[in-house]
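Here's a quick briefing to read with the model open beside you. Grab a viewer and follow along.

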Amino acid sequence: MSLTRPELLDRVLQAYRSSYDVQLCQREEAPLVAAAVFHEHSTGYMMVKRAEMWAADRHEYAYFFSTPHLTEELYQQCLAKTLELGQPQVKPGKNHMCTNLVLMILCDSADEAALKALRKCRIRKSFHFSLHGWMEVQTAAVELGKDSVVANSAGRNVAKFLKNTLFPKRKRRSREN
């Protein structure tokens, strides 16, 4: 792959723009380069909408960081910034199902210790024994030098999305009989 980090960021943000509200950040906030927000409200009702049986709200706040080289210290700073910006957005309540905080790092290269810390990140908080929902942190990093995507267990879907967006599989020809 011969994409640069800015081109990679543009491609990822373009994919996010179809469902998320995306905002670019100021230069002073580097390495934070963008943030994206998604809200979903689902309801179930019986026969008429006034007879609502249940409602669920799901929120996602994604934070995009860009750096030439990812160190463990820089990863910890990015994680702290994600929590600082994302946790005040969590509003547990009767209809709150979940809030995901997504930490996405785009880098040219990374220390193995940083990738190990990213993979081991397990931050999940439930509210009132999950009756008022939960909050979870999903982490993923794209290392351009190796064309690889690394994620924690909660961020598997983020990693899959990034792989499909950045490294699309070539279309296979179907066999004609």
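This is a predicted model: local features need pLDDT of at least 70, side-chain atom pairs count only at pLDDT 80 or more; totals for chains, interfaces and linings use all residues.

The largest nonpolar core has 27 residues, and the largest pocket has a volume of about 190 Å³.

**The nonpolar cores**
- In the largest core, the residues with the most contacts inside it are Phe-65, Leu-70, Tyr-75, Leu-79, Leu-103 and Ile-105.
- Leaving aside residues up to four places away in sequence, Phe-65 touches Pro-31, Leu-32, Val-33, Cys-78, Lys-81, Thr-82, Leu-103, Met-104, Ile-105 and Leu-106.
- There's also a second, separate core of 24 residues, with Tyr-20, Ala-34, Phe-64 and Val-158 among them.

**Where α2 meets α3**
- The axes of helix α2 (residues 72–86) and helix α3 (residues 112–120) come within 8 Å, crossing at roughly 35 degrees.
- On the α2 side you'll find Glu-72, Tyr-75 and Gln-76, which meet Ala-113, Ala-114, Ala-117 and Leu-118 in α3.
- Sorted by class, that contact has five nonpolar, one polar and one charged residues.

- Leu-118 sits in helix α3 and counts as buried because its relative accessibility is 0%, with the cut-off for buried being under 20%.
- Skipping residues up to four places away in sequence, Leu-118 touches Tyr-75, Ile-105, Thr-139, Ala-140, Ala-141, Val-150, Ala-151 and Asn-152.
- Leu-118 and Leu-79 are 39 residues apart in sequence, yet 9.0 Å apart in space, C-alpha to C-alpha.

**The largest pocket**
- Its lining is made up of Tyr-16, Tyr-20, Arg-58, Glu-60, Asn-100, Gln-138, Ser-153, Ala-154, Arg-156, Asn-157, Val-158 and Phe-161.
- The elements giving two or more residues to this lining are β3 and α4 (156–166), and α4 supplies the largest share, four residues.
- By class, the lining splits into five nonpolar, four polar and three charged residues.

**A loop residue to look at**
- Asp-147 lies in the loop between β6 (134–143) and β7 (148–151).
- The phi of Asp-147 is near 50 degrees, a positive value in a residue other than glycine.

Methods:
Residues are numbered from 1 along each chain as its sequence is written. Side-chain values use heavy atoms; hydrogens and water are left out. Axes are lines fitted to C-alpha atoms, for helices over the stretch in contact, and angles run from 0 to 180 degrees between N-to-C directions. Contact means heavy atoms within 4.5 Å. Ala, Val, Leu, Ile, Met, Phe, Trp, Tyr, Cys and Pro count as nonpolar, Asp, Glu, Lys and Arg as charged, and the others, Gly among them, as polar. A nonpolar core is a set of buried Ala, Val, Leu, Ile, Met, Phe, Trp, Tyr and Cys residues joined through side-chain atoms within 4.5 Å. Buried means under 20% relative accessible area, exposed over 50%, partly exposed in between (1.4 Å probe, protein chains only). On a 1 Å grid over the protein atoms alone, a cavity is a set of points where a 1.4 Å probe fits but cannot get out, and a pocket is an open set with protein on both sides within 12 Å along at least five of seven lines; lining residues have an atom within 4 Å of a point. Grid points are joined across faces, edges and corners, and a volume is the space filled by probe spheres set on the points.
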